[in-house]
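The structure goes in first.

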Amino acid sequence: MKKLLATVLTIALVLSLSACGGSSNPASPTAPGAESGSAAPETSDFTPVTWRFANQHAPDQPGCILDQRICDEIKEATQGRVTVELYANNALGDYTSVFDELMLGTIEMAHITPVESYDSRVSAAMIPYLGTTYEELLKAYARDGYLFGQVKEALGAIGIELMGICPEGYNGIGTMSELQNPTVPGAEKGLVIRTPMLDIFALSGIDLGFRVSSMPYADTYTAMQTGVVGGWAGGSITGNYFVMRDLIKYFYDYRQNQEATLIMVSSQAWSKLLPKDQEAISQIVAKGCEDMAEITQKADAENIPKLEESGIKVVLFSDEELQAFADSCHKNVWPKLSANYPEGFIDNILADISK
């Protein structure tokens, strides 16, 4: 019994000493990266990346200036983990080819006109006469809105992440000769004009009274020079000043479509980023798109007199005339466009704006 009692006491003493030893340094079994001030594993293990950012804007256009700002802010916000190099003025190809490369992941980022070839919802931000003020457009393009969600869903299905919808002005028609019946909706205008290869542009142009020829933007300048078309749709006041002022003689401010470009990222490139860098980039682009509305209004106001100084007649329409164009479009174009979208799509957009 004495031997048994001694054995029990010995075991208890050993266990007691072991417990005391284990509690003398409770921080000893520290997980990697848990030390104060050390980098989180996902940050320290991340290999910095360099993206190519394609746009369709001339270097001195507001959209291009905004894109360079976005590049600079991304590099700073990600502490150099993401470097974005801007390739302006279609340097990496026309917007249609850039869109395809985004899907493939061979271009990481782009700020371009949307392409509706794969899903008509992608170009819905340019539905004709969607709104007549920038306040309405910003509401329609809000990240928590119906339109943004639908476009994001459509792009996500083909491997592209939507970062922002950028309002770059209202489109008008730049022409090389004076129009017939410019204020009468549907009346023959006497010209064939180029439109982007999107139904929303072609149908709204036809409803105004133009004959249209859909073609890539890259072919537009030559087509106008050679007389294939007598004018073009797809550019705002500022766009016409920067790109077409040496060709056009008239600019008609029909405001038939919103110049709403998309800032997008390849899903392949996006998935490789740290979550905190994804959040930073999302916020940077969202703020840039909001700022663009104010930038655009200011640029248009400044460029109307510049167009006139270049010998171009700028034709502005009254509120009543613009409403007549809009009413005609709502009656004749929207039913045709509705057939290209899910049931109730356009109605849901308008309901969202009117809240």
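My notes on the cavity, the pocket and the sheet follow.

**Ground rules.** I am working from a predicted model, where local features need pLDDT of at least 70, side-chain atom pairs count only at pLDDT 80 or more, and totals for chains, interfaces and linings use all residues. Residues are numbered from 1 along each chain as its sequence is written, and side-chain values use heavy atoms, with hydrogens and water left out.

**Cavity.** I took a cavity as a set of points, on a 1 Å grid over the protein atoms alone, where a 1.4 Å probe fits but cannot get out. I counted 1 cavity of 30 Å³ or more. The largest cavity has a volume of about 370 Å³, the volume being the space filled by probe spheres set on the points, with grid points joined across faces, edges and corners. I found 27 residues in its lining (an atom within 4 Å of a point). Nearest the centre of the largest cavity lie Q56, Q61, G234, G235 and E259. α11 gives the most to this lining, with 4 residues; α3 (62-77), β8, α9 (237-243) and β10 (258-266) are among the elements that each supply at least two. Helices (H or I, at least four residues) and strands (E, at least two) are DSSP runs, numbered from the N terminus. By class, I noted 10 nonpolar, 13 polar and 4 charged residues in the lining of the largest cavity. Ala, Val, Leu, Ile, Met, Phe, Trp, Tyr, Cys and Pro count as nonpolar, Asp, Glu, Lys and Arg as charged, and the others, Gly among them, as polar.

**Pocket.** A pocket is an open set with protein on both sides within 12 Å along at least five of seven lines. The largest pocket has a volume of about 180 Å³. I listed its lining residues, including Y141, R143, F148, C289 and E290. β4 (160-170) and α11 (275-309) each supply at least two of the lining residues. The classes here are 8 nonpolar, 1 polar and 2 charged.

**Sheet.** I traced 6 strands in an open sheet of mixed pairing, in the order β7-β6-β8-β5-β9-β11; two strands pair if DSSP finds at least two bridges between them. β7 (211-214) and β11 (313-315) stand at the edges with a single partner strand each, so one side of each is left without a neighbour in the sheet. β9 (residues 250-252) runs parallel to β11, joined by 3 bridges. One of the partners I checked was Y252, which bridges to V315 in β11.
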